[in-house]
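Please read this briefing alongside the sequence and the coordinates.

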Amino acid sequence: MWGRPGVACSMYKRMTSRDYAVVDVEDNSEESGSGTYKSSMEAFLSSRTGGYHIILLVCVVNEPLESISSDLGFSGNTMAEGLVVSTCLGGAFIGSLFSGSLADGLGRRRAFQLGAVPMIIGALTSASTKTLAGMLLGRLLVGIGMGIGPPVASLYVTEVSPAFVRGTYGSFIQIATCLGLMAALFIGIPVREIAGWWRVCFWVSAIPAGLLALGMVFCSESPHWLYKQGRIAEAEAEFERLLGGAHVKFAMQDLSKSDRGDDMESVKFSELFSSRNFRVVFIGSTLFALQQLSGINAVFYFSTTVFKSAGVPSDLANVFVGISNLSGSLAAMVFMDKLGRKMLLLWSFFGMAVSMGIQVVGASSIWGSGALYLSVGGMLMFVFTFALGAGPVPGLLLPEIFPGRIRAKAMSLCMAVHWVLNFFVGLLFLRLLEQLGPQLLYSIFAAFCMMAVGFVKRNVMETKGKSLQEIEIALLPPE
């Protein structure tokens with residue numbers, strides 16, 4: 001199922017995903033099957049972080065915010081309520097800046113575990129606090145853990161997954177996010193009926209982070225990181241654990257083409273902007289920027305209002321949005337390694353532009369009552385097409401295109417861009433909606449989506465079925 005790198009290194013480079021499957025049938029050793037099971041479980045465990053972040057960031061706060069503000073004495077203070085939400089984003093920005101250094105210095109596994117610590121402490125602090133200051137401190141700590149987690153999750157899944165299923169495993173992150181979102185909505189249901197239930201929400205949210213820290217004890221370390229640290233024997237042992245003994249020699253040969261075991265110097269952020277690395281870092285940062293400027297967060301923020309206008313209760317609206325999100329994510333998992341990352345990105349951003357166009361039409365009064373159905377339909381289509389590509393692909397694609405030496409630092413920089421734009425879109429959306437109106441604002445989002453189509457077509461390389469070393473050689477000029 002994992003496939004075999006082949007009987008020679010040159011064969012390994014030419015093999016497609018179908019070739020892998022054929023070879024694996026011919027040599028279906030117990031070692032290889034065991035490695036497949038272990039690695040797929042590790043990839044899924046690591047990807048669950050995405051769901052935990054959504055639980056901790058949005059759902060635990062949004063539904064119970066009214067109860068929190070009343071119990072802690074800042075009810076009616078919109079500034080304080082905004083800080084409870086946005087402090088998490090500020091913490092995430094800080095955490096993302098340090099995630100690369102932690103992943104390079106401690107390893108992917110240890111960085112996972114360290115990132116879970118502030119999430120646990122922050123959740124428990126928020127659950128037990130009796131003051132606004134305590135709540136903000138808890139939210140800041142949770143945000144720092146959130147900032148550390150996603151870059152490390154993407155790194156880990158990319159580096160422990162074989163080329164032909166790397167896209168499938170990478171899609172788990174988006175699916176876990178959807179499941180986390182739906183679980184958090186379910187947990188928050190009693191908040192309006194049971195006094196103090198918001199504290200239970202925070203207590204419960206500490207559990208997944210604790211399970212993550214514990215579960216990573218039993219997972220493999222990234223062989224790429226071990227090799228870069230000069231720990232060759234340990235890298236071979238982890239490859240054997242992940243792939244089976246028959247594949248170690250060829251995996252190590254392929255790894256040696258780009259990563260150098262004696263290159264242990266710390267990577268400085270300034271190196272990300274060197275002439276050799278600037279192109280891939282620019283592609284990664286721009287993809288995350290366009291992802292946020294497409295309007296996805298604005299759609300989520302405004303979805304309840306649109307559904308209420310159509311007579312749909314907020315709980316039912318959340319279910320519809322969740323189903324659309326999950327359906328798109330499942331489709332992405334199926335097609336990621338079949339159609340490829342670039343194809344999914346192109347059709348995803350194009351579909352989002354069309355969806356925004358439908359919303360623009362729906363915002364027009366000439367359609368009467370039909371306008372509401374256009375708005376709702378356009379919104380659900382937007383969420384579906386986002387989850388199909390623009391949501392999951394950047395987090396998978398960027399670790400693939402970044403060379404091993406700068407991979408962790410480059411991911412942390414791109415995620416910092418993500419969090420900054422996430423913050424400003426959330427901060428300015430309602431004001432822009434008021435000043436510009438929905439038609440003009442949605443037209444701007446549609447324009448950004450079409451800009452993304454052009455950018456992807458011109459700059460993004462297809463990475464489907466390619467080893468990380470092949471991608472690095474294709475994208476980077478020789479030193």
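A residue is called buried when its relative accessible area is under 20%, exposed when that area is over 50%, and partly exposed in between, using a 1.4 Å probe and protein chains only. With a relative accessible area of 16%, Ser 285 is therefore buried. The model is a predicted one, in which local features need pLDDT of at least 70 and side-chain atom pairs count only at pLDDT 80 or more, while totals for chains, interfaces and linings use all residues. Residues are numbered from 1 along each chain as its sequence is written, and side-chain values use heavy atoms, with hydrogens and water left out.

**Overall make-up**

- The protein has 22 helices and 0 strands; helices (H or I, at least four residues) and strands (E, at least two) are DSSP runs numbered from the N terminus.
- Of the 479 residues in the protein, 56% are buried.
- Contact means heavy atoms within 4.5 Å. Taking contacts between residues at least 6 apart in sequence, 81% join residues at least 24 apart.
- The accessible surface of the protein is about 19500 Å², and carbon and sulfur atoms account for 66% of that surface. Accessible areas come from the Shrake-Rupley method with a 1.4 Å probe, and for residues only the protein chains shown count as cover.

- Helix axes are lines fitted to C-alpha atoms over the stretch in contact, and angles run from 0 to 180 degrees between N-to-C directions.
- Helix H6 (residues 78-106) packs with helix H8 (residues 132-160) at about 40 degrees, the axes being 6 Å apart. H6 and H8 are therefore oblique to each other; angles under 35 degrees count as roughly parallel, over 145 as roughly antiparallel, 65 to 115 as roughly perpendicular, and the rest as oblique.
- The crossing of H6 past H8 is right-handed, meaning that the near helix is turned clockwise from the far one by less than a right angle, with anticlockwise giving a left-handed crossing.
- The contact of H6 with H8 has 18 nonpolar, 7 polar and 1 charged residues. In these classes Ala, Val, Leu, Ile, Met, Phe, Trp, Tyr, Cys and Pro count as nonpolar, Asp, Glu, Lys and Arg as charged, and the others, Gly among them, as polar.
- H8 also packs with helix H20 (residues 407-436), at an angle of about 135 degrees and with the axes 9 Å apart. That angle makes H8 oblique to H20, and H8 passes H20 in a right-handed crossing.
- On the H8 side this contact is made by Met 146, Gly 147, Pro 150, Pro 151, Ser 154, Leu 155 and Glu 159, and on the H20 side by Arg 407, Ala 408, Met 411, Ser 412, Met 415 and Trp 419. By class, the contact of H8 with H20 has 8 nonpolar, 3 polar and 2 charged residues.

**Helix packing: H5 and H10**

- Helix H5 (residues 65-72) and helix H10 (residues 197-215) cross at roughly 110 degrees, and their axes come within 9 Å. H5 is therefore roughly perpendicular to H10.
- H5 contributes Ser 67, Ile 68, Asp 71 and Leu 72 to the contact, and H10 contributes Trp 198, Arg 199 and Phe 202. The contact of H5 with H10 has 4 nonpolar, 1 polar and 2 charged residues.

**Buried residues and their contacts**

- Ser 96 lies in H6 and is buried at a relative accessible area of 0%.
- The C-alpha atoms of Ser 96 and Lys 409 are separated by 9.4 Å, although the two residues are 313 apart along the chain.
- Ser 324 sits in helix H16 (residues 314-335).
- Phe 386, in helix H18 (residues 370-390), is buried with a relative accessible area of 8%.
- Phe 386 and Ser 324 are 62 residues apart in sequence, and their C-alpha atoms are 9.7 Å apart in space.
- Helix H13 (residues 248-255) is mostly covered, with 6 of its 8 residues buried: Val 248, Phe 250, Ala 251, Met 252, Asp 254 and Leu 255.
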